Each structure stands twice: as C-alpha cells, then as structure tokens.
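Hi,

Here is the structure I promised to pass on. My notes on what turned up in it are below.

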Amino acid sequence: MATIETTKIQRLFDACNAVFADQDPPTYRQIQWLRRILDSIEAEDVGINEFGHVEGSPESPGSKRLIDGQSLSNITYIHIYESEFFSMGVFCFPAGASLPFHDHPSMTVLSKLLYGSMYVKAYDWVLPTDVAHMKDRHTRTVGLAGLAVDEVLEAPCEPSVLFPRSGGNIHSFTALAPSAILDVLSPPYSDEFGRPSTYFNELPICALPGYAILEERELPKDLTVEGAPYLGPKLMDIEES
C-alpha cells in the first residue's frame with residue numbers, strides 16, 4: 001500500500017494543534033520546533049505562485065491552480081484555518097502597499113516571509129495607558145513604546161516570533177516588492193474574548209531615540225484588504241481523521 005506523504009502545511013498545522021491546544025504558554029523548545037517547520041514552507045506550499053504567470057506560457061494538463069502573487073493590486077488575505085486556539089493565513093502585498101501599526105493582544109505570532117522584500121518596524125509597550133478620548137469619550141490606548149524591530153527583510157529569511165510583551169507586538173509592514181507573509185496567531189483575534197485588532201499612530205520622541213508615543217486610531221479609511229481563496233493542500237483536522 002502506497003503511503004501518502006504529509007504536506008508541509010499539514011505538518012505545520014499538526015504541530016500547531018499539538019502546541020497551542022495546551023492551556024500552558026508554549027515553551028522555548030516548542031517555539032523553535034514550530035519555527036523550523038515554518039521555515040521549510042514556500043509560497044507554492046500554500047497555493048501561491050510567487051513568480052506570477054508568464055504571458056504566453058500554457059498551463060500543463062493537470063497542473064494545479066495557484067494564486068498569482070505578482071498580479072495582486074491590493075493587500076490580500078488568504079484564510080487557511082482558524083480555531084479557538086490558533087489561526088493560519090497569508091497576507092500578500094503588492095509593491096508599495098503598507099499595513100499600519102497594529103497590535104496582537106495576548107498573542108504569540110510566528111511569521112515567515114515567503115517571498116519579496118518587506119520593511120518592518122515594531123514596538124513593545126513600556127507604559128500603555130487607557131485614556132478617555134475627549135471627542136467621543138470612548139476609552140483609547142496611548143502610551144510609551146520602545147523600538148524592537150526596524151529593518152528590511154529579504155526572502156529567504158528565518159521566521160520571526162513575537163510575544164504578548166516582547167518581540168515587537170505592535171508592528172507595521174511596507175512591501176518594497178511583491179511579497180507574502182505566512183502568519184500563525186495563537187490565540188486568534190477575537191472581539192468577544194477581548195482580543196480586537198487595534199491600529200496606532202506613531203509619534204516619535206526626538207529627544208528619546210528608540211522610543212515613541214503610540215496612540216490608538218480608527219481603522220484607516222484608505223486601508224483595503226481583499227480576500228482570496230486558499231488553493232493549497234487540503235488540511236486534515238484531527239477530528240476528521
């Protein structure tokens with residue numbers, strides 16, 4: 001009987017199930033295990049053609065359909081999986097597109113730049129404070145944050161990890177070329193459980209290099225994120241096997 005080879009994304013899925021279904025925070029060894037698996041994944045493993053379709057080149061019979069990573073005109077999110085414990089998805093960026101500063105409350109996030117070039121800037125809170133906004137009297141977050149990441153990532157590069165209070169939990173992305181990032185979030189965003197996605201303005205402190213005031217802002221009106229179907233290998237959940 002022929003054995004069916006486990007796909008790379010299935011291995012990542014199984015490992016995330018094993019690590020994040022536990023109520024305890026992941027250990028250093030578990031994080032490194034997940035990073036090694038994540039590092040093995042390429043764009044085609046999640047249904048993306050990073051090189052784009054070459055005009056005039058016919059598709060071979062039986063070839064699998066892939067998302068053209070070079071033809072996207074807006075930031076595009078490819079949802080792969082979500083449970084109460086973790087989520088998996090890919091953000092695809094056209095050159096020049098930016099995702100403004102946003103946080104990941106109480107989350108551990110592993111990310112892999114699948115292809116492209118990305119400028120990343122990230123902060124961690126030094127002293128966050130909830131204040132009443134004068135205009136609408138809603139409570140908003142503003143506070144002092146320390147710079148954690150300020151660099152250009154070029155694929156291929158090692159996966160990054162951020163934690164609830166370290167590693168650059170509040171970050172922004174600017175694509176310098178068509179790019180894609182595979183994200184694993186644990187636990188996923190949830191308004192119901194107090195984990196909303198919050199955006200921030202950055203107010204650098206000239207007299208204090210490496211620090212800034214981050215002020216909560218409304219969802220940027222010019223931010224457009226489209227959705228695209230996941231065309232990678234089907235995932236087999238534990239409950240389905």
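A term to start with: buried means under 20% relative accessible area, exposed means over 50%, and partly exposed is in between (1.4 Å probe, protein chains only). Keep in mind that this is a predicted model, where local features need pLDDT of at least 70, side-chain atom pairs count only at pLDDT 80 or more, and totals for chains, interfaces and linings use all residues. Residues are numbered from 1 along each chain as its sequence is written, and side-chain values use heavy atoms, with hydrogens and water left out.

On to the aromatics. Rings of Phe, Tyr and Trp (its six-membered ring) pair if their centres lie within 6.5 Å; planes under 30 degrees apart are stacked, over 60 edge-to-face, and the rest tilted. There are eight such pairs here. One of them is Phe20 with Phe86, tilted, at 6.2 Å centre to centre and 40° between the planes. Phe20 sits in helix α1 (residues 8-20) and Phe86 in the loop between β3 (75-82) and β4 (87-93), so this pair ties together parts 66 residues apart in sequence. (Helices, H or I of at least four residues, and strands, E of at least two, are DSSP runs numbered from the N terminus.) Phe20 is buried at 6% relative accessible area, and Phe86 is buried at 0%. Phe13, Phe20, Tyr81 and Phe86 form one aromatic cluster.

As for Val126, this residue lies in strand β7 (residues 117-132) and is partly exposed, at 47% relative accessibility.

Cheers
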